[in-house]
Amino acid sequence: MFQSDLTEKFQSLKTPYYYYDLGLLNRTLDEIKTHGLEKGYHVHYAIKANFNFPILEEIRKAGLGIDCVSGQEIDRAIEAGFKPNQIAFAGVGKTDDEIQKGLDTGIFSFNCESLQELDVLNELAEMSGKTANVSIRLNPNVEAKTHKYITTGLSENKFGINISKLPELFLMLPKLNSIRLTGIHFHIGSQITDLKPYHDLCEKVESVQQLFEEAGVKLDHINVGGGYGIDYDKPDQNPIPDFKAFFEVFDKNLKLRDGQQLHFELGRSIVGQCGSLISKVLFVKEGIATSFAVIDAGMTELIRPALYQASHRVDVLTSDRPAETYDVVGPICETSDTFRKGVQLPAVQRGDLVAIRSAGAYGEVMSSGFNLRERVNAYYSTDLT
Ligand code: LLP
C-alpha cells in the first residue's frame, strides 16, 4: 500500500492520526476534470465529506465548487477561497440564521427541501431586499441500492419535495417575488457502486423536466447530486473511481435543454481513498473463538463501521509474519467499536502499526469526543515527504 519509506515516518508520529495522500487526491481530481469539467459539467464538492483546509485547497485549485449543508460549511468554503457563486446549499432543516447567511453571502443556489422552507426563504429574502436563487430538491423515489441509512431518494426518506407536490409549487411560484427558481436538484444516496440507479434517475429527471415545461417554468440547471461510491475492499487496485463511466451515464441518458447546465455534488468519490486512519496495536488478547487486536483508534475517530456496518480494509504496516485471524477492535466502551471481525492479517503484536484504509470521506469529520477523547491530528503526504 504505502511506500515503505513512509512507515518509518508513520512510526515517529503519535497515533492515532489521519494521513492524507494529496498526490492521489490530485490524480482523482484530474479524472474529474477530464471526464466532467472539460465536458462542461459543474462539480460541487460535498464539503461534509472532509473539510480540512489542505484538501479544500487542492479541490479549489482544480476548479470545483462546493456543496454545503450548514451555515458553518458555507463559512468554511468562503474561508478556503471558494466564490459565493460556486456554493450550493442543501439541507432539510436550515435555520433562519443559516438562510440569512446564504442570502448575505450571495450563494449560487438554495436547494430547497420543502414548500414551507420556500415560504420562509422568500420572506427572509424580501426582508433583506434580496432575491434568492433556488433549486427545488425533489425526491425522485429512486432505489439507490445502498445502506438504508445513506439512502435519500425514496419517498419514505425525509429529503426533498415529493414530485406529487409539484402542482402546489407551480401555484405558489408566481407569489414568491423574492425567489428566482433556477433549477431542480436530486440526490438519491451515497456509496452507490452500481450505475443502474443513475440511469433510473436520468429517466426521472426527464419526466420532471416535462412537468416544468408544461407549467411554463424554465430551468437553468439540473443538479443530480452525488453519491458515487468507492472500492472499500480493494483500495490499491481501485484507488480512483471510474469517473468516465459515471459521467457517461448522464451524457448519454440525460437530455439537457438548450443552455441548461448540469451540476453534480460529489463527496466520497473525491476524497474517500486518499485518507487512512493510522493506529497502533495496544494489546493482542486471546478470545474464545478469535483473537482481539485492540488498537488505539476507535469509533470516535471512524464511526462508519459502527454506524453503517461498513467494512474498511485494514493493512498492517509493520508485520509480514504468517497470517492469523483477528477481530480488530477499538478502546471505546461499546461493542460496536469494532473495525473488522474475523479478518486475516499478518500476525500482530503490541506496537505494530495498522492503516485503516479508505477513510478520507466521512471519517475525521464524523469524529466525536465520546469518552473525552481528543480530536486526532491530520498529516499530509506533503508534510511527510
Ligand atoms: N449532496 C447531498 C445533498 C448530500 O446529502 C450528500 C451526502 C452528497 C451530495 C455527497 O454524497 P457522496 O458523493 O459523498 O456520497 N456519512 C455517510 C454518508 C452520508 C452522505 C450524506 N450526504 C457515510 O459515511 O457513508
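Me: Why is cysteine 112 called buried?
Reply: Buried means under 20% relative accessible area, exposed over 50%, and partly exposed in between (1.4 Å probe, protein chains only). Cysteine 112 has 0% relative accessibility, so cysteine 112 counts as buried.

Me: What kind of model is this?
Reply: It is a predicted model: local features need pLDDT of at least 70, side-chain atom pairs count only at pLDDT 80 or more, and totals for chains, interfaces and linings use all residues. Residues are numbered from 1 along each chain as its sequence is written, and side-chain values use heavy atoms, with hydrogens and water left out.

Me: What makes asparagine 133 buried?
Reply: Its relative accessible area is 19%, so asparagine 133 is buried.

Me: What makes the pair of asparagine 133 and arginine 180 a polar contact?
Reply: A polar contact is a pair of N or O atoms within 3.5 Å; within protein, one must be able to donate a hydrogen and the other to accept it, and residues adjacent in sequence count only if both atoms are side-chain atoms. The side chains of asparagine 133 and arginine 180 make such a contact at 2.4 Å. The asparagine 133 side chain also reaches the backbone oxygen of phenylalanine 108, at 3.5 Å.

Me: Which side chain does aspartate 315 contact, and at what distance?
Reply: A polar contact of 2.7 Å joins the side chain of aspartate 315 to that of arginine 357. Aspartate 315 is buried, because its relative accessible area is 8%.

Me: Why is glutamate 206 called buried?
Reply: Its relative accessible area is 18%, so the label is buried. Its side chain makes a polar contact with the side chain of glutamine 210 at 2.8 Å.

Me: Which residues come nearest to the ligand?
Reply: Ser190, Glu265, Arg304, Tyr308 and Tyr362 come nearest, out of 18 residues around the ligand. Around it means with a heavy atom within 4 Å.

Me: What distances separate arginine 304 and tyrosine 308 from ligand atoms?
Reply: A polar side-chain atom of arginine 304 lies 2.6 Å from a ligand oxygen. For tyrosine 308, a side-chain N or O atom is 2.8 Å from a ligand nitrogen. The protein covers 92% of the 580 Å² of accessible area that the ligand has on its own (Shrake-Rupley method, 1.4 Å probe).

Me: Which residues does the cis peptide bond join?
Reply: It joins threonine 15 and proline 16, with omega about -10°. Most peptide bonds are trans.
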